Amino acid sequence: MNSSLEKYLLDSPPEKLRKELEEELKLSSSDLRSHGWYHGRIPRGVSETLVLRSGDFLVRDSLANAGDYVISCRWQQDVVHCRISKVLVKSGQTKVQFLLEDETFDSLPTLIRHHAGTGRPVCPRSGAQLLCPVNRTVPLRYLEATFALASGRSGSHSPSAQRGAHIKRRSVTMTDGLTTEKIIPHSPSTIHHKDAMRNCALSMDQIQEMRCPLSPVGEAPLSPAYTSISRHRHGSGGRVLAVIPPSPVMRRSSEPHLSPSSSNNNVVCSDMPPSAHGCPSDGSEGGGSYCELRPGQPPTPPSKSYVERLRVEEGRAPGSAPTDGGESFTLPLVESSSCLRPGKYQSALLPAENKPLEMGVLKRVKELLAEVDPKTAAKHITKADCTVARILGVTKEMQRMMGVGSGLELLTLPHGHQLRLDLLERFYTMSIMMAVDLLGCTGSTEERAALLYKTIQLAAELKSTMGNMFGFAAIMRALELPQISRLDQTWMTLRQRHTEGAILYEKKLKPFMKGLNESKESSVLSSTSFPHVVPVLCLLEKGVAVGEGPEPWDTSECGVDVVMSHLEAARSIAHHGGLYRTNAESKLHDFQERVEVSEIFCTEFQMRLLWGSRGSEGSQTERYEKFDKVLTALSHKLEPPVRHSEL
């Protein structure tokens, strides 16, 4: 039996081993094998060589008590082993629960999620906390077979092996001709669950701040414990056990807080001595009780705790008291009112009280817009957009109140609700403002076509020169409004007099906008100052967003795929907030702002101009519905609809 198992290991190619690991991680969340932090039947000594930093942890089978599990966690310089007992609870119906200390949980993942999410110690005596999971780099069958060979046992008595005994053996690998130095194990990102939408007990950002960033499969460096396994086999006369190559699978899970680090996971710390415990050849648990630590040694927080990071960022040394009676951490402020206050807005272009679309103000606005070229207008719009979105002009106090460094991160969070509403207000108001500018051109068709061409150039400048996808989407929405698109004579004149503009719009800008909304196109990260956040805003504020037709995600063909793509893009947007700020600052460097032109693109000014000083603070839905009728009337005045009797 032993020789056949060894032959089975030797004959398996690396690709099959990689695929087997991926299959395990794709299993249902109820299957323990789908969790990367579960290592199965590995000896106690091996688990101690895997948990290298304070807070690292893994879960393994208890070899001394069949059916139970053990959390192996390093805390400071010691390794703590906490047994999790499986118990039957009878309360109306019999069910299995998992007992740790005096607490019971319905499942082992729930137990781990609870302690990792809340920071509650798994061992009260030591204060050990679960901060960062150590994820297995090979399938469970591989580990079971490896330690069965290493300990001289002919088979494995692991529950998972018994459950799968009737299933055809999947291949695990051993590569011929490898030496110990050639082994390059990789730590895959291993959180399981292929379910698309579930609640998350601990957000990804929380665990990133505490320990380590998320990583795609195959980006973590050498795993010393599995290297030592390979050396053991090499010394016993067999060939070295190869470890799988990087996997392309990127886990999307309900438990992203248990994802490995891309650079720190399983790395031996230079200031941490190696574990004194060896790897028992018989695979036994060894004597002694769990939670064995030196008595009398008070627990201290990990060296890279979240609180210490906050203190360092605030300019205080770790362990020092807050200055001026301040707190080391302040809860973010949940905004309950809009930052857009048209009723209190003061402008040199507007009187204290104004009516909707006052002719004098409207005429001055059109004169100012005619004076500036599309590139200058694009810079003014980008400056205003980035200010409202809190990409630019964010002070330390604003960051403290938001709880994050950028508005692009805030708009993806629950307490960013008001910012999302403000951005949607700006988006729709800007598009209406541009439509009024076009429909207010009551001159000849040639003049209107020239203004339409300039608006298309403005959209192109926002897209290409400024990298402002938010402003670009607002201008494109104005051009695609039914009141604008129905002006056949104007569009025909555009094609005749400004052919390059018509081609630019029809062949480049319009398809690109459609691709952005359907998540088939994306802007270049290095040149984007404000990414395309409108789909994310509409998804997160579904009851508030208004549109002329069904969104791309409302269709049955690709609805779910488009939604998931936009939500994935939101994650990237939040992560790269600093880069977008840098890009915006670079594009607006040496920008000479004109105060009057800036006012035209200010949302409060636009709201006052469109709806008047009183109507600007009314119901959003009512305001948009009324103005839709105004735009329709203006459009019909320019080009009256053709009556059926005239056809």
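Me: In which helix is Glu-20 found?
Reply: This is a predicted model, in which local features need pLDDT of at least 70 and side-chain atom pairs count only at pLDDT 80 or more, while totals for chains, interfaces and linings use all residues. Residues are numbered from 1 along each chain as its sequence is written, and side-chain values use heavy atoms, with hydrogens and water left out. Helices (H or I, at least four residues) and strands (E, at least two) are DSSP runs numbered from the N terminus. On that basis, Glu-20 is found in residues 14–25, which form helix H2.

Me: Is Glu-20 buried or exposed?
Reply: Buried means under 20% relative accessible area and exposed means over 50%, with partly exposed in between, using a 1.4 Å probe and protein chains only. The relative accessible area of Glu-20 is 1%, so this residue is buried.

Me: What distance separates the C-alpha atoms of Glu-20 and Arg-141?
Reply: Glu-20 and Arg-141 are 121 residues apart along the chain. In the model, the separation of their C-alpha atoms is 9.1 Å.

Me: How many residues of strand E1 are buried?
Reply: Strand E1 covers residues 56–61 and is largely enclosed by the rest of the structure. Both of its faces are covered, with Asp-56, Leu-58 and Arg-60 on one side and Phe-57, Val-59 and Asp-61 on the other. The number of buried residues in E1 is therefore six of the six.

Me: Which residue in E2 stands opposite Phe-57?
Reply: Two strands pair if DSSP finds at least two bridges between them. E1 is joined by two bridges to strand E6 (residues 132–133), with which it runs parallel, and by five bridges to strand E2 (residues 69–75), with which it runs antiparallel. Asp-56 stands opposite Cys-132 in E6, whereas in E2 the residue opposite Phe-57 is Cys-73.

Me: What phi does Glu-101 take in the hairpin of E4 and E5?
Reply: Strands E4 (93–100) and E5 (103–105) have Glu-101 in the loop between them, and three bridges join these antiparallel strands. Glu-101 is partly exposed, at 43% relative accessibility. Although Glu-101 is not a glycine, and with two residues between the strands of this hairpin, its phi is positive and near 55°.

Me: Why are H15 and H19 oblique to each other?
Reply: Axes are lines fitted to C-alpha atoms, for helices over the stretch in contact, and angles run from 0 to 180 degrees between N-to-C directions. Angles under 35 degrees count as roughly parallel, over 145 as roughly antiparallel, 65 to 115 as roughly perpendicular and the rest as oblique. The axes of H15 (residues 445–465) and H19 come within 10 Å. H15 and H19 are therefore oblique to each other, since their axes cross at roughly 45°.

Me: Which residues of H19 make the contact with H15?
Reply: Contact means heavy atoms within 4.5 Å. H15 contributes Tyr-453, Ile-456, Ala-459, Ala-460 and Lys-463. From H19, the residues are Glu-500, Gly-501, Leu-504, Tyr-505, Leu-509 and Phe-512.
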